[in-house]
Amino acid sequence: MDGLILALQFFTRIPIKKEVSFQGENIGRSLFFLPIIGLAMGGLAGVPVVFLSEYSKGISALLSVLILATLTGGLHLDGLADTFDGFLSGREKDRVMEIMKDSTLGAFGAVALIFLIASKLVAVHELPVEYWVGIPLSLANARLVAGYVISTKKNARKEGLGALFKSSAAGKNVLLSGLVLIGIILFINPIFLIPLAGSFIMGELIVFWSYRKIGGMTGDVYGAVIELCEVASLIIFWGVTIWI
């Protein structure tokens, strides 16, 4: 269970006081639980959508997105902002990575955050209440993609959190978690594999962009992967619900 505890401690702001070694097998095992954590957080975020949408879809969507931001403590949003500040700066690799390390929020990062949060609000608002399951599945999709990227793509730095996760050799755990998630989706409705595929496409696009800018991935880019894949999955879920 150390992997689960570590995943909750690092990828959420749920208070768990048990000390777990942040190294080796524990890191690899923690990646197995990422989609499961996404399902749990998405289930909590779906509560206002299910119970308040008949009164106000706008308020229910706002509360849903607020719950997500609270549960993660804005960790992935911070990574998204740093990524856009660096990648859109127009500088060389070394300077881009310096900008990404800077804790100051720049204009590009601020605009990215505004559009990301606005996109989530609109996507949750437009998602039919009867398909609220798209919220937890989208969070799970994004975290599965993040686990895949962490375990298969190269790092831009030799040190840092990204390199630490990479060194954990978590590929088998990520594969197993992917099979579990696919099984859940097939049980609910096979057509919901489409948002999962869209999430992987979004993830590969971000990887391509990151390779061109800094020659690999970093912890900040992993955060951007999670946030952008969440939005992509939510929007595709909305499209799928119209189709069916």
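**Cavity, pocket and helix packing**

Phe32, Pro35, Ile36, Leu39, Ser177, Val180, Leu181 and Ile184 line the largest cavity. On a 1 Å grid over the protein atoms alone, a cavity is a set of points where a 1.4 Å probe fits but cannot get out, a pocket is an open set with protein on both sides within 12 Å along at least five of seven lines, and lining residues have an atom within 4 Å of a point. Helices here are DSSP runs (H or I, at least four residues), numbered from the N terminus. The cavity has a volume of about 40 Å³, a volume being the space filled by probe spheres set on grid points joined across faces, edges and corners. The structure holds one cavity of 30 Å³ or more.

All of this comes from a predicted model, in which local features need pLDDT of at least 70, side-chain atom pairs count only at pLDDT 80 or more, and totals for chains, interfaces and linings use all residues. Residues are numbered from 1 along each chain as its sequence is written, and side-chain values use heavy atoms, with hydrogens and water left out.

As for H10 itself, the helix runs over residues 171-188 and spans 26 Å from its first C-alpha to its last, close to the expected 26 Å (1.5 Å times one less than the number of residues). Val174, Ser177, Gly178, Leu181 and Ile185 of H10 are buried (under 20% relative accessible area; exposed is over 50%, partly exposed in between, with a 1.4 Å probe and protein chains only). These buried residues fall within an arc of 105 degrees seen down the axis, so they line one face of H10; the arc is that of the directions from the helix axis to the C-beta atoms. The face turned away carries the exposed Lys172, Leu175, Leu179 and Phe187.

Over in H3 (residues 34-52) sits glycine 46, buried at a relative accessible area of 1%. Beyond its neighbours within four places in sequence, glycine 46 is in contact with Trp132 and Ile135 (heavy atoms within 4.5 Å). Glycine 134 is 88 residues away from glycine 46 in sequence but 9.0 Å away in space, C-alpha to C-alpha.

Then there is the second largest pocket, with about 150 Å³ of space. Its lining counts 15 residues, with Val65, Leu68, Ala69, Leu77 and Lys120 closest to the centre. H4 supplies the largest share of that lining, six residues.

Technical notes: Helices (H or I, at least four residues) and strands (E, at least two) are DSSP runs, numbered from the N terminus.
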